[in-house]
Amino acid sequence: HYVCGTGDNFVDGVPLESYTFGDNWMCDVVDMEAYALAKVCYHYDISFISFKYITDGADEQSHEDWEKNLADGIVEFKEQVLEEL
């Protein structure tokens with residue numbers, strides 16, 4: 001069980017350990033899309049599983065890293081998750 005945080009700012013290299021929310025709740029991952037889905041599932045008491053492939057280091061190279069590494073995530077998901085099912 002992990003804490004997913006979200007926000008309206010692009011993550012720009014600040015370590016996740018420094019992200020706090022509300023009463024100093026720390027989050028394990030920051031994700032805009034997964035947060036919305038997790039929140040609805042939590043509200044309706046529905047189990048939620050999310051797979052996140054990190055494509056970039058949230059720095060000035062992130063846009064280039066994202067494009068370069070995106071295809072690798074598809075291969076990894078297929079090999080690590082789908083083939084295990």
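This is a predicted model: local features need pLDDT of at least 70, side-chain atom pairs count only at pLDDT 80 or more; totals for chains, interfaces and linings use all residues.
Biologist: Which pattern of strands and helices does the protein follow along the sequence?

Modeller: The protein contains two helices and four strands. Reading along the sequence gives their order, which is β-β-β-β-α-α.

Biologist: What share of the residues of the protein counts as buried?

Modeller: The accessible surface of the protein comes to about 7400 Å². Carbon and sulfur atoms hold 56% of that surface. Of the 85 residues, the share that counts as buried is 15%.

Biologist: What part of the contacts with a separation of 6 or more comes from residues 24 or more positions apart?

Modeller: Contact here means heavy atoms within 4.5 Å. Among the contacts in the protein with a separation of 6 or more, residues 24 or more positions apart account for 38%.

Biologist: On which residue is the kink in helix 2 centred?

Modeller: Helix 2 covers residues 62-80 and has a kink of about 40°. Buried residues in this helix include S62 and G73.

Biologist: Which residue forms a salt bridge with K78?

Modeller: Side chains of opposite charge can pair when their charged atoms come close. The count in this model is one salt bridge. K78 is partly exposed, with a relative accessible area of 48%. The closest N and O atoms of the bridge are 3.5 Å apart, and the partner of K78 is E83.

Biologist: Is E83 buried or exposed?

Modeller: A residue counts as exposed when its relative accessible area is over 50%. For E83 the relative accessibility is 52%, so E83 counts as exposed.

Biologist: How are the rings of F51 and F77 arranged, stacked or edge-to-face?

Modeller: The model has one aromatic pair. The ring centres of F51 and F77 are 5.5 Å apart, and the planes stand at 75°. Planes over 60 degrees apart count as edge-to-face, so the arrangement of F51 and F77 is edge-to-face.

Biologist: How many residues apart in sequence are the parts that the pair of F51 and F77 ties together?

Modeller: F51 belongs to the loop between helix 1 and helix 2, whereas F77 belongs to helix 2. F51 is exposed at a relative accessible area of 54%, while F77 is partly exposed at 32%. The pair therefore ties together parts whose separation in sequence is 26 residues.

Biologist: What is the area of the nonpolar surface patch that includes F51 and F77?

Modeller: The residues of this patch are I49, F51, F77, L82 and L85. F51 sits in the loop between helix 1 (32-43) and helix 2. The nonpolar patch has an area of about 600 Å².

Biologist: What is the phi value of D45?

Modeller: D45 is in the loop between helix 1 and helix 2. D45 counts as exposed, with 73% relative accessibility. Phi of D45 is positive, in a residue other than glycine, and its value is near 55°.

Biologist: With which residues is E76 in contact, leaving aside its neighbours within four places in sequence?

Modeller: E76 lies in helix 2 and is partly exposed, its relative accessible area being 33%. Leaving aside neighbours within four places, the contacts of E76 are Y53 and V81.

Biologist: Which residues are in contact with W66, leaving aside its neighbours within four places in sequence?

Modeller: W66 is a residue of helix 2 and is partly exposed, with a relative accessible area of 41%. The C-alpha atoms of W66 and I54 are 8.6 Å apart, with the two residues 12 residues apart along the chain. Once its neighbours within four places are left aside, W66 is in contact with T55 and D56.

Biologist: How far apart in space are D72 and T55, C-alpha to C-alpha?

Modeller: D72 is found in helix 2, where it is partly exposed at a relative accessible area of 39%. D72 and T55 are 17 residues apart in sequence, and their C-alpha to C-alpha distance is 8.6 Å.

Notes: Residues are numbered from 1 along each chain as its sequence is written. Side-chain values use heavy atoms; hydrogens and water are left out. The bend at a residue is the angle between axes fitted to the seven residues ending there and the seven starting there. Buried means under 20% relative accessible area, exposed over 50%, partly exposed in between (1.4 Å probe, protein chains only). A salt bridge is a side-chain nitrogen of Lys or Arg within 4 Å of a carboxyl oxygen of Asp or Glu. Patches are made of residues with over 30% relative accessible area and no salt bridge: like charges are joined within 9 Å, nonpolar side chains (Val, Leu, Ile, Met, Phe, Trp, Tyr) within 5 Å. Accessible areas come from the Shrake-Rupley method with a 1.4 Å probe; for residues, only the protein chains shown count as cover. Rings of Phe, Tyr and Trp (its six-membered ring) pair if their centres lie within 6.5 Å; planes under 30 degrees apart count as stacked, over 60 as edge-to-face and the rest as tilted.
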